[in-house]
Amino acid sequence: MYHMLVIIKKQLKDTLKNKTILIQFILFPLMTVVMEKAITMDGMPDMFFLKLFSIMYMGMAPITSVAAIIAEEKEKNTLRVLMMANVKPWQYLAGIGIYVWIICIIGACTMGGFTGLRGASFICYLTIMGCGFMISIIVGACIGIYAKNQMTATSIVMPGMMVLAFAPMLAIFNDNIAKVAQILYTEQFKRMLEQMSFDALEKRSVLVVFMNMAVFLALFAITYQRKGLE
């Protein structure tokens with residue numbers, strides 16, 4: 001626990017210095033609050049921008065942040081120093097994951113709280129976002145471990161991030177894309193957010209989410225076994 005707390009404190013200091021990662025955590029909450037407050041159109045669904053930007057936030061910020069953090073520290077040999085300081089790989093990865101999850105959930109609290117979510121709807125929203133962040137963190141960890149450096153990590157992150165973040169948005173306007181996007185956890189979480197209620201959750205959506213998590217956990221295990229953090 002001590003090592004994990006040290007990793008979290010270290011990453012907090014690094015994030016304040018790294019403007020690229022810091023913007024990832026701030027941009028979507030800020031855009032959501034501004035758009036929800038500033039734009040009102042006839043026939044627009046309730047909390048349209050909250051639901052739209054929440055999925056984009058889920059599919060972008062955790063993935064890019066975790067991948068960038070791990071790849072950067074591999075490139076700068078910071079990980080080697082941590083391993084020599086008796087920090088175990090699982091402690092490092094857990095510390096990074098917990099840190100990114102906490103920062104993202106704070107962003108989700110800001111998005112939901114400032115746009116009017118209250119009570120059971122707010123709890124349901126945070127639960128959905130929290131689960132989505134966990135899967136995205138696993139995806140980001142896979143990319144960060146696999147990549148040799150930051151440039152490689154960025155080149156891998158971009159297409160994956162575009163698919164996960166923008167496919168649910170494009171599925172609103174195109175039925176063919178919707179048929180393909182339904183296998184993605186981000187699309188299923190988007191459908192859950194449309195109802196914003198635990199009672200309205202569909203078994204199929206929950207099953208797809210668990211299948212996504214199982215696939216990415218298996219991918220993480222394979223990537224870590226082959227590449228490790230050396």
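**View 1. Glu187 and Arg191 meet in a salt bridge, with 2.9 Å from N to O.** Here a salt bridge means a side-chain nitrogen of Lys or Arg within 4 Å of a carboxyl oxygen of Asp or Glu. This is a predicted model, so to speak of a local feature pLDDT must be at least 70, side-chain atom pairs count only at pLDDT 80 or more, and totals for chains, interfaces and linings use all residues. Residues are numbered from 1 along each chain as its sequence is written, and side-chain values use heavy atoms, with hydrogens and water left out. Both partners sit in helix H9, 4 residues apart, about one turn of the helix. Helices are DSSP runs (H or I, at least four residues), numbered from the N terminus. Arg191 is partly exposed, at 28% relative accessible area, while Glu187 is buried, at 2%. For these labels, buried is under 20% relative accessible area, exposed is over 50%, and partly exposed is in between, with a 1.4 Å probe and protein chains only.

**View 2. Glu187 also meets Lys190 in a salt bridge.** The N to O distance for this pair is 3.4 Å. Lys190 and Glu187 are 3 residues apart in helix H9 (residues 185-195), about one turn of the helix. With 11% relative accessibility, Lys190 counts as buried.

**View 3. Thr186 is a buried residue of helix H9.** Its relative accessibility is 0%. A polar atom of the Thr186 side chain lies 2.8 Å from the backbone oxygen of Leu164. Look around Thr186 and, leaving aside neighbours within four places in sequence, you will find contacts (heavy atoms within 4.5 Å) with Ile55, Met58, Gly59, Leu164 and Pro168.

**View 4. The largest nonpolar core has 67 residues.** Such a core is a set of buried Ala, Val, Leu, Ile, Met, Phe, Trp, Tyr and Cys residues joined through side-chain atoms within 4.5 Å. Tyr57, Tyr92, Val100, Tyr125, Tyr185 and Phe189 touch the most other members. Helix H3 (residues 48-75) gives the largest share of this core, 16 residues. If you centre on Tyr125, its contacts beyond four places in sequence are Leu50, Ser54, Ala108, Met111, Gly112, Leu117, Leu193 and Met196.

**View 5. Five side chains, Ile98, Trp101, Ile102, Ile106 and Met134, form a nonpolar patch on the surface.** Together they have about 410 Å² of accessible area, from the Shrake-Rupley method with a 1.4 Å probe, where for residues only the protein chains shown count as cover. Patch residues have over 30% relative accessible area and no salt bridge; nonpolar side chains (Val, Leu, Ile, Met, Phe, Trp, Tyr) are joined within 5 Å, and like charges within 9 Å. Helix H5 (residues 89-114) supplies the largest share of the patch, 4 residues. Met134 has its place in helix H6 (residues 119-146) and is partly exposed, at 40% relative accessible area.

**View 6. Ala214 is found in helix H10 (residues 203-227).** Ala214 counts as partly exposed, at 47% relative accessibility. The C-alpha atoms of Ala214 and Ile135 are separated by 9.5 Å, and the two residues are 79 residues apart along the chain.

Note on methods:
Helices (H or I, at least four residues) and strands (E, at least two) are DSSP runs, numbered from the N terminus. A polar contact is a pair of N or O atoms within 3.5 Å; within protein, one must be able to donate a hydrogen and the other to accept it, and residues adjacent in sequence count only if both atoms are side-chain atoms.
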